[in-house]
Amino acid sequence: MPRISLPAPESMSPAQRQVYDKVVSGPRGKIEGPLRAALHNAELADCWQALGALLRYRTSLTQRQSEIAILVTGRACQSPFEWYAHRRESEKIGIEADILEALLAQTPPPFRAPEEQLVYQFALELNQQRSVSDATYAATLEVFGERAVVELTALVGYYTMVAMTLNAHEIPLPEGQQPAFPLPQHQGNRP
């Protein structure tokens with residue numbers, strides 16, 4: 001159960017409904033996950049969905065590269081919903097099962113493309129160290145260029161915000177889905 005109410009379309013204010021309609025008529029096709037919580041502030045939800053659409057669908061990164069960075073971030077942030085949603089998307093675009101299983105286990109994946117290894121390393125370091133080593137930054141910059149390095153950094157930051165929202169409000173997985181791992185607040189005796 002979520003910790004907060006999640007606005008239903010039939011009970012939304014006109015401003016909320018406008019954002020809802022914009023999202024469901026776009027490439028996402030539906031509202032699930034953090035936007036359900038963000039709709040409590042329609043202006044926030046509208047800015048959020050626009051930034052998310054830009055970072056997910058209109059960067060110089062490939063879909064595979066984006067999904068790898070998102071999965072690394074979802075796993076690093078211990079977000080079962082983010083992991084569930086983007087594993088599903090990754091499977092649809094053909095990311096191999098052995099790569100997905102390694103990302104889930106937080107072990108080095110057997111990437112076939114060196115560019116994917118760079119995206120992975122950049123996202124991993126940014127999540128673990130809150131920055132990126134000189135060597136990883138230089139290699140990523142050389143292969144992808146300045147625009148893509150900025151986009152990759154923003155993508156990791158955006159999906160960190162997504163993961164924190166999902167985790168803090170305990171946004172539930174779709175009916176019948178089981179989490180791949182527990183929420184941080186449900187692991188052991190953490191304060």
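Colleague: Where is Glu-170 found?

Modeller: This is a predicted model, in which local features need pLDDT of at least 70 and side-chain atom pairs count only at pLDDT 80 or more, while totals for chains, interfaces and linings use all residues. Residues are numbered from 1 along each chain as its sequence is written, and side-chain values use heavy atoms, with hydrogens and water left out. Helices (H or I, at least four residues) and strands (E, at least two) are DSSP runs numbered from the N terminus. On that numbering, Glu-170 is found in the segment after α9.

Colleague: Is Glu-170 buried or exposed?

Modeller: Phi of Glu-170 is near 50°, a positive value in a residue other than glycine. Buried means under 20% relative accessible area, exposed over 50% and partly exposed in between, with a 1.4 Å probe and protein chains only. Because the relative accessibility of Glu-170 is 14%, this residue counts as buried.

Colleague: Which loop contains Gln-78?

Modeller: Phi of Gln-78 is near 55°, a positive value in a residue other than glycine. Gln-78 lies in the loop between α4 and α5.

Colleague: What distance separates the C-alpha atoms of Ala-37 and Thr-165?

Modeller: Ala-37 lies in helix α2 and, at 9% relative accessibility, counts as buried. Leaving out residues up to four places away in sequence, Ala-37 touches Ile-4, Leu-6, Thr-165, His-169 and Ile-171 (contact: heavy atoms within 4.5 Å). Ala-37 and Thr-165 are 128 residues apart along the chain, yet their C-alpha atoms are separated by 7.8 Å.

Colleague: How are α4 and α5 oriented, roughly parallel or roughly antiparallel?

Modeller: Their axes, which are lines fitted to C-alpha atoms over the stretch in contact, with angles from 0 to 180 degrees between N-to-C directions, lie 9 Å apart at an angle of about 155°. Angles under 35 degrees count as roughly parallel, over 145 as roughly antiparallel, 65 to 115 as roughly perpendicular and the rest as oblique. The helices α4 and α5 are therefore roughly antiparallel.

Colleague: How many charged residues does the contact of α4 with α7 have?

Modeller: The helices α4 and α7 pack at about 30° with their axes 9 Å apart. The α4 residues that meet α7 include Arg-64, Ile-68 and Val-72, and the α7 residues include Glu-115, Glu-116 and Tyr-120. Ala, Val, Leu, Ile, Met, Phe, Trp, Tyr, Cys and Pro count as nonpolar, Asp, Glu, Lys and Arg as charged, and the others, Gly among them, as polar. By class, the contact has eight nonpolar and three polar residues, and its charged residues number three.

Colleague: How many nonpolar residues does the contact of α7 with α9 have?

Modeller: The axes of α7 and α9 come within 10 Å and cross at roughly 50°, and the two helices are therefore oblique to each other. The contact is made by residues including Phe-122 and Leu-126 of α7 and Leu-152 and Val-156 of α9. By class, there are three polar and no charged residues, and the nonpolar residues number seven.
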